[in-house]
Amino acid sequence: MSQLIVENLTKTVGEKTLFNNIAFTVVSGEKVGLLGINGTGKSTLLSILAGVEEADSISTDHPNKYRIVYLPQEPEVDPELTVMETVFMSDAPIIKVNLEYEHALQALSADPESTVNQDLYSKYQNEMDDQSGWDINSKARTILSKLGIETFDKKMGELSGGQRKRVTLAKVLIEPADLLLLDEPTNHLDVNSIMWLSDYLKNEQGAVIFVTHDRYFLDELSTNVYELADKTLYSHTGNYANYLESKAIRAEMAAASDDKLRNQYRSELKWIRRGAKARSTKQKARIDRFEDLSEKVKKEESSGEMDVALKSARLGKKVIEAVGISKSFDGRKVIDNFSSILQSGDRIALVGPNGAGKTTLMDMFSGASEPDSGIIDKGSTVKIAHFQQHTPIMDEKKRIIEYIRDTSNDIEDADGVHISASQMLERFLFPTKAHGTPIGKLSGGERKRLYLLKLLMEQPNVMLLDEPTNDLDLETLSVLETFIDTFPGVVITISHDRFFLDRTSTKLWVMDGSGDIDTWFGIYSDFLQTYVPKEKKVQESLVEPEKLVQQESKKKMTYAEKKEYETIEADVENTEKKIEALEAEMASTGSDYDKLRELTATLDELNANYETLIERWSYLQELNTI
């Protein structure tokens, strides 16, 4: 069992000390969720551990050849490299040979008659056999597919920002590592990919430290929680629910911010219970203990919660009505004859896979784009705030108080009390001493929080939120959720964050990419468990039968596929033998549960590789018969 010991870690950026003389130990198998308000140094801590950034002081101890692999929040990629070249860009020998094999395969595909290319391909094919490189190759393709990347020969420059993040995540996951450092790995992932990633990381033998805003992901995966606050690192054993409870108890004992923290815990635990029925195995005693703690609270429920309710612009009876709207891109209809009437108080979530048209529909409601047909009729009193995925460009020299005052320096809350820009900044977790800070010194998450506050201070009555949870810390999300609870207008949200959707939405518009939009009433977690989608439209009916036959008749094996077909049956057979041998070893393991856990994780990988090989063999077999 390997471990990383970190002591005397201090880091100062400009005049701001992020953490001072902190210490912690990470052991193999631990899955550590790293929490903290934006700007407390979560990403900085990961980059220091990865060796990307220097600390003011640090002392570390770990075994020889201890390998740390790092996924930054905004990874840099070479736009000229293909997906597979990017995934196999590593100093690990077994991955380097995969990269050479990919290069040889590209050269051979470009000029299959070249004897030089044929010899080079054969050379690296043999090296892949010798080093068991096919397992890594198959693993990489499986992970990419699970993360929604299906085209492996595309150049990175042709991919969207979200696709590039997913490719770099796949790159990190195939690397041999004693410690994985993951900064917001769930950004740009759909729900199915997030759940797959959680299951995958649970089986990682090495340690993982991860930053995430997804509270269900955090609760499902973490065995420990680290919190950065007040220049200090607090360590908690257990998952997110355990952390919330221990933090509330710690606050009670210290008699500091008691009601606020316990109210936050009570609210979030309620939604964890309601939104994930699989958590029924949680210890009843622990939950009862918290309920006992709640009974001790003598003050009113609202006494500790942050009051963020603002007066919004008056909303008339007519809000927004969509009548028969449709939208197509490159001949593909993403929205087909959709009609709906929005009413005050609506809480709607747009859900569906990436590319289904969610942002397109939201853009049409905001007026950023127009439907191809149909109309969107807005009431005369409608005032829209559109929170977009990407934070707009800000004047980095402007101070944050000036940025907010540009919108207003005097707004009313729901009770008619006047609030200054400075007071609103404090409510959104910007302390008074930070109000004069230039925007250029803020972290990405802090800028996003500032952008959100600016939109809310415009006092809209319709809010359109496109992925609001990305890069925001959990404290800010709690503030936003509380704001939505008291907001009298309409809220439409796009998010892959199950917890946030459960907290803020009561109606779903379900999009599957076919153009149809179904309406489902209830919370998102219940939808995931019970929803049965309608049959998809038969897209092939749009293609003339003669053309379809002509297209299929053109499918022929490439030279590289022929060479692969010659060896794939042997690869399948070898994998079958490995599975049989591993199952036999597991049967003889007895009560050595640590060994059994390792063997089980290896068996899961082998079975996944086996399924990929079988699918590939079936595809090649079909081509061979054409």
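Predicted model: local features only at pLDDT ≥ 70, side-chain atom pairs only at ≥ 80, totals over all residues.
1. Three strands make an open sheet in the order β2-β1-β4, and the pairing is antiparallel. At the edges sit β2 (16-27) and β4 (57-61), each of which pairs on one side only. From one strand to the next, the twist averages 5°.

2. The β1/β4 pairing. Strand β1 (residues 3-13) runs antiparallel to β4, and four bridges join the two. If you want a spot to look at, threonine 10 is opposite serine 57 in β4.

3. What packs on the sheet. That would be helix α1 (residues 42-49), which touches β1, β2 and β4. The direction of α1 makes about 55° with that of β2.

4. Asparagine 8. This residue lies in strand β1. Most residues other than glycine have a negative phi, hence the flag.

5. Aspartate 330. Here too phi is positive, near 50°, and again the residue is not glycine. Aspartate 330 belongs to the loop between β10 (320-329) and β11 (332-342). With 85% relative accessibility, aspartate 330 counts as exposed, since the cut-off for that is over 50%.

6. Helix α7. Does the length of α7 agree with what it should be, or disagree? It agrees: the twelve residues (191-202) should span 16 Å at 1.5 Å a residue, and the end C-alpha atoms are 17 Å apart. Buried residues in α7 include Val191, Ile194, Trp196, Leu197 and Leu201, and Ser193, Ser198 and Tyr200 are buried as well.

Terms used
Residues numbered from 1 in each chain as written. Heavy atoms only, no water. Expected span 1.5 Å × (residues − 1). Buried < 20%, exposed > 50% of the residue type's maximum accessible area, 1.4 Å probe, protein only. Pairing = 2+ DSSP bridges. Axes fitted to C-alpha atoms, helices over the stretch in contact; angles between N-to-C directions. Contact = heavy atoms within 4.5 Å.
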